[in-house]
Amino acid sequence: MPFKAYYMSPEGNMEAGLGEKEVKAAFQSKKGLLWVDIYDTTEADGDFLARNFGFHHLAIEDCVSPLIRPPKIDDFGSYLFLVIHGINHMGESDIVETTELNIFLGSHFVISNHNNPLYSVEYVTKMVEDDGRALRRGGDFLAYALIDALIDNVLPTIDKMSDFAETVEEEVIKSPQQSTLEAIMKLKRSVIRVHRVMAPQREVLNRMSRREFPIIREEALVFYRDVYDHIVRIEDLGQSLHDRADNALSTYLSSVANRQNETMKVLATVATIFMPLTLLAGIYGMNFEHMPELKWQWGYFGILILMGTAIIAAVSWFWARKWLAWTRRRVFAVRPFAVDPEKLKGYISQFAKRQRAQK
Amino acid sequence: MPFKAYYMSPEGNMEAGLGEKEVKAAFQSKKGLLWVDIYDTTEADGDFLARNFGFHHLAIEDCVSPLIRPPKIDDFGSYLFLVIHGINHMGESDIVETTELNIFLGSHFVISNHNNPLYSVEYVTKMVEDDGRALRRGGDFLAYALIDALIDNVLPTIDKMSDFAETVEEEVIKSPQQSTLEAIMKLKRSVIRVHRVMAPQREVLNRMSRREFPIIREEALVFYRDVYDHIVRIEDLGQSLHDRADNALSTYLSSVANRQNETMKVLATVATIFMPLTLLAGIYGMNFEHMPELKWQWGYFGILILMGTAIIAAVSWFWARKWLAWTRRRVFAVRPFAVDPEKLKGYISQFAKRQRAQK
Amino acid sequence: MPFKAYYMSPEGNMEAGLGEKEVKAAFQSKKGLLWVDIYDTTEADGDFLARNFGFHHLAIEDCVSPLIRPPKIDDFGSYLFLVIHGINHMGESDIVETTELNIFLGSHFVISNHNNPLYSVEYVTKMVEDDGRALRRGGDFLAYALIDALIDNVLPTIDKMSDFAETVEEEVIKSPQQSTLEAIMKLKRSVIRVHRVMAPQREVLNRMSRREFPIIREEALVFYRDVYDHIVRIEDLGQSLHDRADNALSTYLSSVANRQNETMKVLATVATIFMPLTLLAGIYGMNFEHMPELKWQWGYFGILILMGTAIIAAVSWFWARKWLAWTRRRVFAVRPFAVDPEKLKGYISQFAKRQRAQK
Amino acid sequence: MPFKAYYMSPEGNMEAGLGEKEVKAAFQSKKGLLWVDIYDTTEADGDFLARNFGFHHLAIEDCVSPLIRPPKIDDFGSYLFLVIHGINHMGESDIVETTELNIFLGSHFVISNHNNPLYSVEYVTKMVEDDGRALRRGGDFLAYALIDALIDNVLPTIDKMSDFAETVEEEVIKSPQQSTLEAIMKLKRSVIRVHRVMAPQREVLNRMSRREFPIIREEALVFYRDVYDHIVRIEDLGQSLHDRADNALSTYLSSVANRQNETMKVLATVATIFMPLTLLAGIYGMNFEHMPELKWQWGYFGILILMGTAIIAAVSWFWARKWLAWTRRRVFAVRPFAVDPEKLKGYISQFAKRQRAQK
Amino acid sequence: MPFKAYYMSPEGNMEAGLGEKEVKAAFQSKKGLLWVDIYDTTEADGDFLARNFGFHHLAIEDCVSPLIRPPKIDDFGSYLFLVIHGINHMGESDIVETTELNIFLGSHFVISNHNNPLYSVEYVTKMVEDDGRALRRGGDFLAYALIDALIDNVLPTIDKMSDFAETVEEEVIKSPQQSTLEAIMKLKRSVIRVHRVMAPQREVLNRMSRREFPIIREEALVFYRDVYDHIVRIEDLGQSLHDRADNALSTYLSSVANRQNETMKVLATVATIFMPLTLLAGIYGMNFEHMPELKWQWGYFGILILMGTAIIAAVSWFWARKWLAWTRRRVFAVRPFAVDPEKLKGYISQFAKRQRAQK
């Protein structure tokens, strides 16, 4: 039941490192701002929360349960209960993992709670310890700082995913293998996981920035709107990663088909060249008594020349038809969608005419 | 027509094992709380319900019919009729089966009805028999207990499905076979079935937690909201299982293509090596009279050495081009989405700057 | 212009087999309940409807037109015009066909109209002729009886489709062929057709059970709600058939790929075994003068034994690597999603603890 | 700037072939009904519209611009501006093309405008010239006549597409080729184009039939509702064509895979039969000195018989396993979804029992 | 921190090239119209915006940040903050890039800000410098001019994409290669990017044309509606490009399969012809002592003729069955969806009858 507690009195004096008693006293004073951050949550913390703050046991259960809960906001009248997700930067899995931050937000207190250490909470803690600034503006601003830091910390992971997508896209063109497919699948699952968490979060932030809850004051709304915009942007980036993963999958499957095609061509070419020649050799290996060619002086050399010519001719013909080099012949233009400036001017002058008409 | 009946009088005395007459009397007293649980429902139960409680015959028909009805809530004024689905843990099928619990919920009675024995009802029965506790808080709390137990019992099945998905994912990489495909299909169908039942249930619980029905009192709403949250979580887990099944299918199909590719390569390699050599042997098997090589002292050994060299050269070349080992060459990094802590700090300091600006 | 007409006077006397004049008189009396069922609709029926009842010509046009109209409800103030679809059990096509029943519903009349004979209308007719019962409760109940019978008659077709899906699923595993694919496509198209008709119908019935139209009296609403529930169930069953068809298609395509794989393997095996041996035989068929082996006493038998050994070794090796038996090796467990009762109890006891906390 | 103008005076006298002056006078009288139809629209028409009617220049721009605009309705207070799409029956492309009809609708005037000759406008023109009827009922009815005719003219194209789909479906089973694929793609693109235009049109007509615009009088609403229903039906037919195109594509791809499979089987069969026999012939072509069989009297004939027997045995075996005839073995029943009348009666009697219970 | 500033005094005098002081003065006068366009935005510009105009720091942060923000509109009471996207015509990437234009719109000022030089802003600048016209009608009209120019400049890129799609469609039929696939993917990603930006923009413009913001006056609404219509059209064109890219992908994959099929056929044909003949030659190459045919005078020639005949027969047979020419046999009709005018007339006359009925 480790926790850190800070209290900013109405007079602007900050106290840090409060014990349980002081926390309870500060909570019941209904003045100033109390912040308690509980980490490594255990069953005992449930009792702590019930005993000192009298929160609803269903909300407490959500905090204590080791199961991941989807993001949500519950309005209990005198306080809000929030479940917000960020990236678990300590996750050991090959897939992006999310982690949960629970916040009880009242006018005079913010109780946060999480299972994994969070860089974002650490950062806000440091900001508070430095100069108490983050506590001065009220609970809604402190909660905003926590949520904003959590959401912002998703971006480095999105960047990582973007780099990974790039590697995958290169691999899939250069040398597609089973492991490339697995990488695509990992990317896809990670993207879906981020999306699954961001979509309800967007709804939560949308409600928080809509004057629905009186605990969030007018002047804080625009900040919550800003977090909302960040989530929209993250969803946007996620969507574009999803498209890239899908495209990589299409390219992968088609590359496998192309490779198979090339193997087939090698086989067909070899068979087409050597089967007839083998028949020819077989014919002159027959033991008929009356085979005039066998007695010809230049028969053997003639056959050898014939065979050599046939091989060269066949290979040349396949080469000419590019059969064996069924690869990049025509490369599409670089920057294919760039518009010629002259053409663009034409458009603008047309547009000018139209605008003039509106005078 | 087997049933179990319990009655909690307004004075707090609990009676168990009531007969039909006592049930009717308790029902008509409109006081206390009556709970009747009917199992192994037959046609006769329809008469029982009509005779004693006077429920609407359409609702009774829904109870009696052996057909599965989708989850719903019907408001008949003085009582609600609910159809809720849980997992049929006794199902014999290879696909996850759901089962139905029907509840008539009035202010002074809860009549539940089901065809298959349900662990969840059993559990609530035991809780009632132990100390009557579950009856004391009213019909809406009893109905909540029944529904909550039913929904909670979905989780072990979701866990089982998750384990199954893991096995399938391993199989699909290690040794994809026709039976793997069938397993994927079973998983998919089970997931879809759970989703099909949870989606309307979510709507039902949403309405129940929204003060739409006066029978559910203010203080019970938050509990129904909690069940609603559980359903959202189950849907979430189901969705992630669905994604895994889809990914497994993609991987399966691509593995089949890869295997085919490898078979083709073996074939092409064998043909490319042996066809030319067979031609060579064929040539020296021809019966021309004038074939000078045949008379050479070392002709035969020369040819043997030539052939051996060709085989070794070809195999080496294929090996060098990794043609025959078109498998895991480059493995993607472990934990590919893990962010370097240094980089993360960079982000945080940037973020700090931004926060400071907001002062 | 064949029609059947029934009239229930306000005094409760039923007359059957009315002619046009009597129909008109009954219609204009605005008392009792008139039911006219027109079948084998022709242009003349349009005149009949306009002349006697003065319905809006657009509604009449919808009745008369041989084109199929999507389900809808039009409110013309003093009467409703309904288009409802059921299954055409007389359809000759391999795909499920729907058929249309048009109903004009007023307070004192129900005019129904259809092109194909309908089992459901036949049944209601018989019920009316037997004892006039269905007419006694008013027009909204008669219309309900007609619609309910029509919708209920969709179920046997859904059952048939379900049986068909089962056959297809077996075929697709046991012996997928082109005809299996065609069967899947027929199933898919039938399912889509049923869905296309049920979706707008659901909307129509939803509106009818929502007190939107005063012609449908309070006491009839719950019956329309019941039909609505049936449609929801049919849509549900249809959706599950759709999933099964999709899964069958996936399985089919993957089976074709698997079969091709096996053919390839046979080919690759044969080539790998016989090509080297043919080369060997070719070598000893060469006509070099100095080939010491040819003179060896046991050369020939040695070669024969060598070849035999090679064939046996290769086949054994392929067998051992299960290359030629790339089929059901490991079967997934039966009832893979069944939860161990012990585990279930664990869940229940956890749940109990949670419930106790709520006391 | 060719146009045709008709004017119906309030007294009911119709004038045709009005010049610009008369058009302007009629427009400014704000009485009767003026219809001007402008075709082959050029820049000059923009001036004409601005000069005489004073329409908003943005609407005029939409009329004049050669670019296709999506269907929409703009309310400019005293008049509505409509963009409606129909089929361009004169289009030269292989894909279905749509064309635009712009309508300015006021209480006393309808100004229509289009680039391509339209059969539907032609038809309304003729109807007006015949007896002026279409002008007598007011601007909303004239606009309805124009829109209805335009939408109705979509149906013959839908019929054509349906025929085309049938041909494609046959082709895809009988002899799938690259050109079949192209045909499927053409169908798909055409269907999508029709859908793209119908969807917003549905919204436009929905708004027009909803008493949103006072220019459309109460008595005309039902006619606009009728056009709305037609559009719904066209969308429905389009959707079913879309499904058929998708199914054809699935069938096509699977047919290609099946054909490949059959080619592979031929190859594998030929190789399996002839490779071992060629080895056998090679063995007896070896030049070992000690090969006892070579001296046997019946050795040669024995070998020939052995070879013949092997070929016959192999072919029979492949035949028996239906390997080479991997085609229509079992045909699914004709009318697979037809319900047995006896079974249907069973359902009806069950249903009767249920209905009786409701008495 | 380069910027251009223009000021139109209430008296209608335009000043250009204002410095920071004059800008601030003009801004604080709250009269006339001030336009400041900031390009090549740096951190310093953030200070500039805060110092002179006192904008909200969150909006300023959005301007200054190098990250791309999704389109949005924020209402700060006395001003609106807009993020609008256009095409980055200077982008170096192979994918279409978008670029951002930020606008602060108040009653008496428009502050625009962008990172890349924009043709559209350039054009409006020129229009302002020419005659100050664009400033005379107020801030909402100036903002409209900027947005309209930006959106209009998307069209040349859409045209380019359309041309590109055409090239891809040709390539995919004529000679599908890996590079064709890459081109399809580029097209798809570009289309998705345009769509991703246009969809929220549509919402922004919809709100701006809906009298939601008092800063945009009644008379300007129709112009914003017009921009909205343009965006709808661009989305429409984008959607059709998306369909074309998807179709091209389907065609590509099927072409690869077809090519593979043809390669297989060549292989199977060659093997079917030459393997039996090689066996035949092998048979007569055996060294049995008793092979009567070997002594026949015409044995050798007979065999040669037999072989020749067999080859010719096989090739003819394959040719006759079109096996080797599995390509365009039957071409579908040109303009397959064109309706016969006669048929169309039939439809029209039917329609006429219907219309007459409505009289």
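Only 15% of the interface residues of chain A are also interface residues in chain B, so the copies meet through different surfaces. Contact here means heavy atoms within 4.5 Å. The model is predicted: local features need pLDDT of at least 70 and side-chain atom pairs count only at pLDDT 80 or more, while totals for chains, interfaces and linings use all residues. Residues are numbered from 1 along each chain as its sequence is written, chains are lettered from A and ligands numbered from 1 in the order in which they are written, and side-chain values use heavy atoms, with hydrogens and water left out.

The arrangement of the copies comes next.

Chain A can now be taken by itself. It holds eleven helices and seven strands; these are DSSP runs numbered from the N terminus, helices being H or I with at least four residues and strands E with at least two. The C-alpha trace spans about 120 × 70 × 35 Å along its principal axes. Its radius of gyration is 35 Å, whereas a compact globule of 359 residues would have one near 21 Å. That radius is taken over C-alpha atoms, and the globule rule is 2.2 Å times the number of residues to the power 0.38. Of the contacts in chain A between residues at least 6 apart in sequence, 66% join residues at least 24 apart.

Buried residues make up 58% of the 359 residues in chain A. The word buried means under 20% relative accessible area, exposed means over 50%, and partly exposed lies in between (1.4 Å probe, protein chains only). Helix α3 of chain A, residues 57-64, is mostly covered, with seven of its eight residues buried.

In chain E, strand β7 (residues 109-114) contains E:F109. This residue is buried, with a relative accessible area of 9%. Leaving aside residues up to four places away in sequence, E:F109 touches E:F27, E:L33, E:L34, E:F55, E:Y79 and E:F104. By contrast, 55 Å separates the C-alpha atoms of E:F109 and E:P176, which are 67 residues apart along the chain.

Helix α8 of chain B includes B:H195, which is partly exposed at 39% relative accessible area. B:H195 and B:I234 are 39 residues apart in sequence, and their C-alpha atoms are 8.7 Å apart in space.

Two loop residues remain. Most residues other than glycine have a negative phi. B:R211, in the loop between α8 (178-208) and α9 (218-283) of chain B, has a positive phi, near 55 degrees. B:R211 is exposed, with a relative accessible area of 59%. D:K30 also has a positive phi near 55 degrees and sits in the loop between α1 (20-29) and β3 (33-39) of chain D. At 61% relative accessibility, D:K30 counts as exposed.
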